[in-house]
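Keep the structure open and follow along.

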Amino acid sequence: MRPKATVTAALVATLALAGCGGSTGDANEVVYWDTSGSAESAVFGEIAQECGRTGGYRVRVETVAFDQALNNYKTAAQGGQGPDVLRADVGWVAQLAQAGLVQDLTGTPLATDTADFLPNTLESTRFQGKTYAVPQVTDALALFYNKRKLDAAGVAPPQSWDELKAIAPKLGGENALFLNNDEYYALPFIYTHGGDLVNPDARMITVNSPEAVRGVQVAKDLLDAKAARTSLDQPNSYTSMKTAFTTGETAMVIDGPWAVSEFTASPEFADPANLGIAPVPGSATPSPVGGHDYVIRQGSDATEAAQKFVSCMSSSANQAKVAAELGLLPTRRSAYDDPAVAANPIVTAFRPLAATTHSRAWIPQNAELLEPLQTAYGDVLSGRKPTRAALDELARTYQSTILTDYAKR
């Protein structure tokens with residue numbers, strides 16, 4: 001999972017004119033939709049072209065804004081168009097599999113040769129006992145901190161939210177931590193106290209459980225105690241958080257490995273040694289598992305080449321290249337043993353965090369659960385609604401519009 005982007009006018013025009021872009025029907029050309037950020041796309045594009053050269057097929061890389069990719073892909077694939085391979089968020093796979101828009105890879109080498117993958121990265125690739133994706137990168141949220149600021153204040157990264165409240169006055173009060181006012185970033189607070197959005201096994205909506213309410217209230221309490229700040233301009237909250245951290249205004253933020261390249265491009269962290277990384281305060285598994293998977297479009301004319309392409313892109317060597325150059329986290333164990341990866345302090349810091357992430361509900365409605373959570377979380381942080389009322393309303397929304405066959409607690 002990464003912050004939302006704004007699709008460019010040029011991309012909108014391209015997608016409209018080309019039916020959302022996609023395969024040419026040539027069995028020897030793989031069209032790949034890359035949803036990575038601007039700081040990452042060049043590296044993925046280079047690897048993609050090299051896979052094509054060494055594999056004996058052509059590759060056309062089309063960059064698609066992350067927050068537009070799912071809807072664009074569904075529209076195109078339902079019309080028999082779209083890319084041969086999509087870089088999908090882990091939360092999209094079950095939905096695309098249920099809709100019949102991605103290929104069942106069960107029985108292929110992509111699904112049977114998986115022993116090297118980290119177990120928690122494989123969870124999102126499966127739906128109803130079959131495999132529909134191959135892990136690309138994994139991620140976790142962490143507490144990033146400005147080492148100079150914490151050293152000057154004589155404090156260590158907090159291990160609990162109570163510790164954060166205690167040290168906040170030494171770090172400028174509300175400038176101790178900037179909370180991103182976004183649904184994905186609400187999850188660590190929910191998980192910290194044993195809450196979750198749903199229980200798929202029991203087919204139960206649990207987002208308004210006492211545990212979940214207590215967790216979200218912790219976030220609001222940090223704001224009320226002047227131990228943290230946020231942006232009430234929700235669409236620009238992530239940008240505001242990043243600016244506050246990279247200018248040295250805020251001492252700490254919660255973010256993922258995708259943010260590192262932007263952080264270290266700023267004067268404040270021009271010396272990467274000033275960028276500290278610690279677990280998100282709270283429980284042992286406060287961070288949601290995140291990342292991206294490769295999926296192959298159902299009906300692709302380039303299926304054989306696409307399978308070779310996915311195998312190449314997800315190889316240990318290429319995962320190691322991505323990790324060494326971008327600081328993104330491999331999904332293969334062997335990639336972490338590469339000397340260049342082992343020497344990367346970002347990957348080293350994130351590796352134990354990625355191994356202890358909180359599993360998410362790998363159901364087709366996974367992605368749909370987040371947007372209404374954003375509204376509820378924003379209502380709580382702004383003080384527009386009490387936490388219990390906001391989450392009770394969210395539970396009703398889940399049951400009436402998303403999970404109609406689930407019970408409310």
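Let's start with helix H11 (residues 237-246), whose buried residues are Ser237, Tyr238, Met241, Ala244, Phe245 and Thr246. Keep in mind that this is a predicted model. What covers those buried residues? The cover for H11 includes strand E7 (142-146), strand E8 (177-179), strand E11 (229-230), strand E12 (252-255), helix H12 (260-264) and strand E13 (275-278). Just past the end of H11, glycine 248 has a positive phi of about 85 degrees.

Next, the helix pairs. Here are three of them side by side.

| Helix pair | Axis distance | Crossing angle |
|---|---|---|
| H17 (residues 370-382) and H18 (residues 387-402) | within 9 Å | roughly 165 degrees |
| H10 (residues 210-224) and H18 | within 9 Å | roughly 125 degrees |
| H2 (residues 41-55) and H13 (residues 303-313) | 10 Å | about 130 degrees |

Take H17 and H18. Their axes cross at roughly 165 degrees, and angles over 145 count as roughly antiparallel, so H17 and H18 are roughly antiparallel to each other. H17 passes H18 in a right-handed crossing. On the H17 side, the residues that meet H18 are Pro372, Leu373, Ala376 and Val380. Facing them from H18 are Thr387, Ala390, Leu391, Leu394, Thr397, Tyr398 and Ile402. Sorted by class, this contact has nine nonpolar and two polar residues, with no charged ones. A bit of helix geometry is handy when you look at lists like these: an α-helix has 3.6 residues a turn, so residues three or four places apart point the same way.

H18 also meets H10. Their axes come within 9 Å and cross at roughly 125 degrees, which makes H10 and H18 oblique to each other. This crossing is right-handed. Pro210, Ala212, Val213, Val216 and Gln217 of H10 meet Thr387, Arg388 and Leu391 of H18. Here the residues split into five nonpolar, two polar and one charged. If you click on Thr387 or Leu391, note that each is listed in the H18 contact with H17 and in the H18 contact with H10.

The remaining pair in the table is H2 with H13, packed at an angle of about 130 degrees with axes 10 Å apart. That angle makes H2 oblique to H13. H2 passes H13 in a right-handed crossing. Phe44, Ile47, Ala48 and Cys51 of H2 make the contact with Phe309, Cys312 and Met313 of H13. By class you get seven nonpolar residues, no polar and no charged ones.

Is leucine 381 buried or exposed? With a relative accessible area of 6%, under the 20% cut-off, leucine 381 is buried. Leaving out neighbours within four places in sequence, leucine 381 is in contact with Asn181, Ala219, Lys220, Leu223, Thr230 and Leu232.

Now for some loops. Glutamine 128 lies between strand E4 (126-127) and strand E5 (130-131). Glutamine 128 has a positive phi of about 50 degrees although it is not a glycine. At 68% relative accessible area, glutamine 128 is exposed. Arginine 203, in the loop between strand E9 (198-199) and strand E10 (204-205), is also a non-glycine residue with a positive phi, near 50 degrees. Its relative accessibility of 39% puts arginine 203 in the partly exposed group.

Further along, serine 209 is in the loop between E10 and H10. Serine 209 counts as buried, at 7% relative accessibility. Not counting residues up to four places away in sequence, serine 209 touches Gly195 and Arg409.

Finally, zoom out. The chain has 18 helices and 16 strands, and 57% of its 409 residues count as buried. Its C-alpha trace spans about 60 × 50 × 40 Å along the principal axes. How does the radius of gyration fit with a compact globule? A compact globule of 409 residues would be near 22 Å, and the chain's 21 Å agrees with that. Of the contacts between residues at least 6 apart in sequence, 76% join residues at least 24 apart.

Notes: Residues are numbered from 1 along each chain as its sequence is written. This is a predicted model: local features need pLDDT of at least 70, side-chain atom pairs count only at pLDDT 80 or more; totals for chains, interfaces and linings use all residues. Side-chain values use heavy atoms; hydrogens and water are left out. Axes are lines fitted to C-alpha atoms, for helices over the stretch in contact, and angles run from 0 to 180 degrees between N-to-C directions. Helices (H or I, at least four residues) and strands (E, at least two) are DSSP runs, numbered from the N terminus. Angles under 35 degrees count as roughly parallel, over 145 as roughly antiparallel, 65 to 115 as roughly perpendicular and the rest as oblique. A crossing is left-handed if the near helix is turned anticlockwise from the far one by less than a right angle, and right-handed if clockwise. Contact means heavy atoms within 4.5 Å. Ala, Val, Leu, Ile, Met, Phe, Trp, Tyr, Cys and Pro count as nonpolar, Asp, Glu, Lys and Arg as charged, and the others, Gly among them, as polar. Buried means under 20% relative accessible area, exposed over 50%, partly exposed in between (1.4 Å probe, protein chains only). The radius of gyration is taken over C-alpha atoms; the globule rule is 2.2 Å times the number of residues to the power 0.38.
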